[in-house]
Amino acid sequence: MTKIAICGALGRMGKTIAAMIDEDPALEFIGGVDVGEGTLFGKKVVSSENIDDFLAEEKPDVLIDFTIANAAVKNIRAASKAGVAVVVGTTGFSEEQKEENRKNIEGTIPAVISTNFSVGVNIFWKLVREAAKQLSDYDIEVTEAHHHFKKDAPSGTAKTILEIIKEETGDREEMYGREGMVGARGKEIGVHVIRGGDIVGDHSVMFAGNNEVIELSHRAYDRAVFAHGVIRSAKWIAGKEPGIYTMDDVLGLIR
Ligand SMILES: NC(=O)C1=CN([C@@H]2O[C@H](COP(=O)(O)OP(=O)(O)OC[C@H]3O[C@@H](n4cnc5c(N)ncnc54)[C@H](O)[C@@H]3O)[C@@H](O)[C@H]2O)C=CC1
Ligand SMILES: O=C(O)C1=N[C@H](C(=O)O)C[C@H](O)C1
């Protein structure tokens with residue numbers, strides 16, 4: 001049985017993932033960490049300042065992190081010190097934070113990191129790559145929509161989309177919204193962010209040419225789609241060699 005702990009256990013994703021672990025006979029939910037203390041599925045959720053003692057006492061095989069970037073950096077550091085594998089879904093890391101995570105993980109613990117654990121989005125990224133490769137001279141506009149409470153913008157998934165498009169089309173720059181006299185379009189990727197209500201997570205990429213438009217889009221209707229990918233990753237990562245893995249590795253997809 002793989003023993004799993006969750007950082008951000010009392011949040012939207014933490015609770016969704018814990019409920020799925022609780023139903024899985026191959027996994028054991030052993031508790032978690034959040035800003036305040038609590039209980040979840042009969043297990044202790046301890047305050048984040050006690051994460052080192054929690055990991056030493058509970059000895060999880062895998063620590064799942066769905067918190068906020070600055071907290072996740074600390075949680076990954078604690079997992080690295082304790083020699084615990086991690087699955088990280090938190091988004092909004094700066095380049096410096098990503099570098100610190102890399103140093104704490106490489107050579108020490110195995111980690112799956114993804115800005116989106118939905119299987120559908122991982123296939124959507126492949127479709128976006130192919131379209132960007134074939135339509136590299138088209139105008140490209142990226143739009144994402146999320147719920148009222150989301151803290152980071154653009155979403156981690158949208159940032160991954162931008163990385164993919166830039167890898168395929170070369171020297172394009174992001175253009176966040178437009179207002180006033182915007183002039184001729186340059187080598188840009190338009191980026192548009194919507195926040196409202198309880199939208200779980202929508203992403204779309206428009207490729208506009210002369211007399212035609214191709215639009216690729218993904219819409220998540222329930223956080224369960226992310227949680228399924230997280231569970232699959234947690235089972236896959238336990239016992240792997242140290243290093244940073246992606247959902248491509250977990251799903252056996254070609255990069
Ligand atoms: N990669 C993916 O597939 C997905 C990623 N996300 C990302 O996951 C993160 C969390 O999203 P939600 O669950 O919607 O947010 P949320 O705000 O509902 O939950 C975050 C939880 O983390 C807790 N937290 C804050 N600081 C902490 C610390 N130092 N230690 C432990 N817990 C701490 C908060 O109290 C809260 O309970 C966001 O960055 C979001 O973008 C969300 C959905 C899918
Ligand atoms: O905060 C969310 O809710 C989500 N965050 C991830 C992101 O930033 O891309 C993934 C998903 O879209 C939901």
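In which sense do strand E1 and strand E5 pair, and over how many bridges? In this predicted model, local features require pLDDT of at least 70 and side-chain atom pairs count only at pLDDT 80 or more, whereas totals for chains, interfaces and linings use all residues. Residues are numbered from 1 along each chain as its sequence is written, with chains lettered from A and ligands numbered from 1 in the order in which they are written. Strand E1 (residues 2–7) and strand E5 (residues 62–65) pair in the parallel sense over four bridges, pairing being assigned if DSSP finds at least two bridges between two strands. Ile-4 stands opposite Val-62 in E5.

Helices (H or I, at least four residues) and strands (E, at least two) are DSSP runs numbered from the N terminus. An open sheet of eight strands, with mixed pairing, has the order E3-E4-E2-E1-E5-E6-E7-E13. Strands E3 (38–40) and E13 (243–245) each have a single partner strand, so one side of each is left without a neighbour in the sheet.

The domain assignment, automatic or from a database, gives domain 1 (2–113 + 223–251) and domain 2 (119–220). Their centres, taken over C-alpha atoms, are separated by 28 Å. Eight residues of domain 1 are in contact with nine residues of domain 2, contact denoting C-beta atoms, placed from the backbone, that lie within 7 Å. On the side of domain 1 that touches domain 2, the elements giving two or more residues are H7 and helix H8 (247–251).

Note on methods
Contact = placed C-beta atoms within 7 Å.
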